[in-house]
Amino acid sequence: MESNKSKILIIGVSGRLGFELAKASLNSSHPTFGLVRDSAFSDTHKSLKLHTLSEAGLTLIKGSLQDEDILLEALKQVDIVICAVSSKQVHEQKILISAIKRAEFGADPDRTQVSDLDHNFYSRKSEIRRIIEAEGIPYTYVCCNLFTSVLLPSLVQPGRKAPPRDEVSIFGDGTAKAVFMNENDVAAFVINTVNDARTLNKVVYMRPRGNVYSMNELVGIWEGKIGKKLKKIYITEDELLKKIRETPYPENMELVFIYSAFVKGDQTYFSIESSGGLEGTQLYPQITYTTGLNTCMYDLVGGNDHTGDLSAIVKCSDEESTPTKASFSVIPKLVPTGLTGDTIFHVFCEGETAKYIWNYFGAPMGNKPGDWNIRRILRQWGEFKPVNNIHRLCL
Ligand SMILES: NC(=O)c1ccc[n+]([C@@H]2O[C@H](COP(=O)([O-])OP(=O)(O)OC[C@H]3O[C@@H](n4cnc5c(N)ncnc54)[C@H](OP(=O)(O)O)[C@@H]3O)[C@@H](O)[C@H]2O)c1
């Protein structure tokens, strides 16, 4: 491992995004540390993730954001901290503020227009920003907008896991545009921003042209895929607001995200240039990433061929610049989940038998499929550094 690489501490490596960040960091040969709570080791899925990362070179540090002594000891060993805890723990990051530059993994909290609807989801993130700025800590905020694994698999239909085939709800007039990014890609961009002086005290937005879609466009793409026109039910802004207020928290948060992204257009209503921010794909044109939802949606109907623009990967720069106390974040890609019936995806990946077989044969080879499609499982497995001799032999 190269000794001149920044040492990175990732908090949340057992989580969805944190796991991807740790992989990207290890793949870029950064000495990588993960702060992990004890409870994660007794969860089968999480402990397998931790085992995989540990075999790939991650140094595990047992502790949580609340363990100040452990945290401070861990911080002494690293140059960069990336915090990928879930939004509920946003306030718990205050302890890190004196030592890190923080990553954000959603919409820009300073630009959302959801007033009092979000139970302080965004205002807590803004509060952390103000504290960082008031303390004079160098920072970079990275706004990756929507993960493709979150609303896209249901075609933005609340409560559903698979896209509709008969009728579809469209919120507002369907023209507001949102940005979709894959978690793998987010991780790649984040690791690239580490040590990049251009991003200091800036907001980095992920808004590549091929990943920006309105509901009307998404529905049109889906109709093209299934060869059928859907019945459209338009939900007005007032109707959606009423539904948000009537639905108990936290169940209503999915509706709040839909309102913010697809009615208010919070991810795209402003120009990045005029905001003083930077766009990630323009900063790092060498990074290839998943783009073109038209292409991604093939996964939802059972795995047609991707035509060359299916993601991938991330050639991190070897240039070292002046180390900064900072952490960054990046963006996601389509992870179709929840298809029902005997689709190819179900038979080979999502079904209980498929999961058993993947776990039985895949786990010893360093592969934990989760709810992913086969192409993604194999691609990730092939891209990851070997975790053991079997994996090494196969590669
Ligand atoms: N843009 C989008 O569409 C989108 C979607 C989802 C998430 N996000 C954002 O992405 C970020 C990460 O989300 P995620 O879905 O990856 O979260 P996640 O899967 O829930 O993972 C959270 C991680 O944080 C760890 N953690 C929680 N509290 C901790 C504490 N006190 N001390 C140490 N570790 C702690 C958890 O550890 P344990 O395993 O011990 O619980 C877990 O590893 C969040 O900022 C979220 O808002 C964005």
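Guide: Of the 395 residues in the protein chain, 45% are buried. By the way, this is a predicted model, where local features need pLDDT of at least 70, side-chain atom pairs count only at pLDDT 80 or more, and totals for chains, interfaces and linings use all residues. Residues are numbered from 1 along each chain as its sequence is written.

Visitor: What makes a residue buried or exposed?
Guide: You count the other C-beta atoms (placed from the backbone) within 10 Å of its own: 20 or more is buried, 12 or fewer is exposed, and in between is partly exposed.

Visitor: Why is helix α9 called mostly covered?
Guide: Because 9 of its 11 residues, in the run 253-263, pass that buried cut-off. Among them are Leu255, Phe257 and Tyr259. Part of the cover comes from β7 (167-171) and α7 (215-226).

Visitor: How do you know what counts as a helix or a strand?
Guide: Both are DSSP runs, numbered from the N terminus: helices are H or I with at least four residues, strands are E with at least two. By that rule the protein chain has 16 helices and 12 strands.

Visitor: What makes β6 and β8 a pair?
Guide: Two strands pair if DSSP finds at least two bridges between them, and 2 bridges join β6 to β8, so they pair. These two run parallel.

Visitor: Why is β10 called an edge strand?
Guide: The open sheet has the order β6-β8-β10. β10 (212-214) pairs on one side only, and so does β6, so both are edge strands.

Methods
Contact = placed C-beta atoms within 7 Å.
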